[in-house]
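Me: Please take a close look at one part of this model, the ligand site.

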Amino acid sequence: MHAVRYHDHGGPEVLTVDEVERPTPGPGEVVVAVEAAAVNPVDTYFREGAYEPADLPWIPGSDCAGTVAAVGEGVDYAVGDRVFATGLGNWLQGTAAEAALVPDSHLAALPDGVPFEDGAAVALVGVTAFQSLIAACSLEPGERALVHGGSGGVGHVAVQLAAATGARVTTTASPEYHDRLRELGADDAFDYRRDDLADAVVDAGRPDVILDHRLDDYLALDAEVTAQGGRIAAIGNTEPDATFENVPRCRAKALSVHHVSMFNTPDFGDVLARLAVLLADGDLEAEIAGRYDLDEVAQAQRDVLGESVLGKLVVRP
Ligand SMILES: NC(=O)c1ccc[n+]([C@@H]2O[C@H](COP(=O)([O-])OP(=O)(O)OC[C@H]3O[C@@H](n4cnc5c(N)ncnc54)[C@H](OP(=O)(O)O)[C@@H]3O)[C@@H](O)[C@H]2O)c1
C-alpha cells in the first residue's frame, strides 16, 4: 500500500510517499481502509521531532475515517463497518496512508450519512474540544464559554460542542468567519485583533469556561474577563513564563487552569461515540477548507500552519 512517511525529522520536504507492507491486526486491533485523514498542527510538531521521538520511518496523521478492512481477535467491529479514529501518529503509526492499524479503543462507528471526510475532520479536534470543555472544565447548560480561535480546527468544533451542551458561546476569529460561526452556534463573535477585546467579551457576559489555544497571549485577558471561579482549558502554550506571571490574578479569582493534551484521553472510543451522535443529529458539522492527495501531504502540512482558513484540511488517500 502507499503511505506518507518521514525517514528523518525535519521540514515538510522530508515527507515521501512510500510503498509499504499493509498492516495486519493483532488482538484488539483493526485495520482501517482510510478514506480520509485530517491534517493537524501536531503532525508538523511530530515531524520536526519536537515531541516524543518516534521510531523512524514514521507515518504522520493522528485521525482518520474509513471502513474496517481486517480485524484481530476480540474485536467487536466487522469488516466493512464505517469507523473514525484518533489518538494516532504519536506512539502509534499514523493515518496518512491507504490503511492504518488502529487499537479498537481508539475507534467509534461513523454513522451512515456522515461523510468520511467529516468524521476524519472532527476526530482529533472534537476529542480535544470535548476533553477541554466537558472533561476538564465541566461546562454546563446555561453557563457561558469563551472559545478563542473559533474559526480553527479545534475552535469551530468547540463552538458547536459548547452550544450543543446548552452553553452560551462567545468566540474570537477573523471577521470574515463571524457569520458562519454564528450559524454554528456562537452567540457573540469578536475579532481577536480588537483593542477593546476584553471589554467586548465582558459585555457579552463573563465566561465561566474558556478554551485557550494561545495561553501565552491570552491568560492575562482570560483572568480579567472570566467569572469568579472560572475554568480555563489550555491546549497551546509556548511561553511558560506567561502562565506564571498571571498566577496572582488567577488566584484572586480562584481560577483553575487545566493543561489539556488530547493524547491523554482515557477512552478515545467513548468520546468519539458521543461526537458521532452529534454528527448524526446535525448538531456538529465539519468545515472542510482544503483537500489533498497523499503526494500533497507536504503542502498540506505547510498550509495547516499557513494561511487562515475556516475549519480543517483533509487528505484523501
Ligand atoms: N493540547 C491539545 O491536545 C491540542 C489539540 C489540538 C490542537 N492543539 C493546538 O491548538 C492550537 C489550535 O489548533 P487548531 O488545529 O485549531 O489550529 P488552526 O486550525 O490552525 O486554528 C488556528 C486558530 O487560531 C486563530 N488565530 C490566529 N492568530 C491568532 C491570534 N493572534 N489570537 C487569537 N487567535 C488567533 C485563527 O483565527 P483566524 O484564522 O480566524 O485568524 C484560528 O482560529 C494549535 O497550537 C494546536 O497545536 C492542541
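How many residues surround the ligand, and which are the closest?

Reply: This is a predicted model, in which local features need pLDDT of at least 70 and side-chain atom pairs count only at pLDDT 80 or more, while totals for chains, interfaces and linings use all residues. Residues are numbered from 1 along each chain as its sequence is written, and side-chain values use heavy atoms, with hydrogens and water left out.

The ligand is surrounded by 23 residues, each with a heavy atom within 4 Å of it. The closest are Ser151, Ser174, Tyr192, Tyr218 and Ser308. By class, this shell holds 12 nonpolar, nine polar and two charged residues; here Ala, Val, Leu, Ile, Met, Phe, Trp, Tyr, Cys and Pro count as nonpolar, Asp, Glu, Lys and Arg as charged, and the others, Gly among them, as polar.

Domain 1 (2–122 + 268–315) and domain 2 (125–262) each give at least three residues to the shell, with bounds from an automatic or database domain assignment. At least two shell residues come from each of α1 (41–48), α2 (116–136) and α3 (153–164); helices are DSSP runs (H or I, at least four residues), numbered from the N terminus.

In Tyr192, a side-chain N or O atom is 2.5 Å from a ligand oxygen. A backbone N or O atom of Gly152 lies 2.9 Å from an oxygen atom of the ligand, and for a polar side-chain atom of His213 the distance to a ligand oxygen is 3.0 Å. Of the 930 Å² that the ligand exposes when taken alone, the protein buries 80% (Shrake-Rupley method, 1.4 Å probe).

How values were computed:
A polar contact is a pair of N or O atoms within 3.5 Å; within protein, one must be able to donate a hydrogen and the other to accept it, and residues adjacent in sequence count only if both atoms are side-chain atoms.
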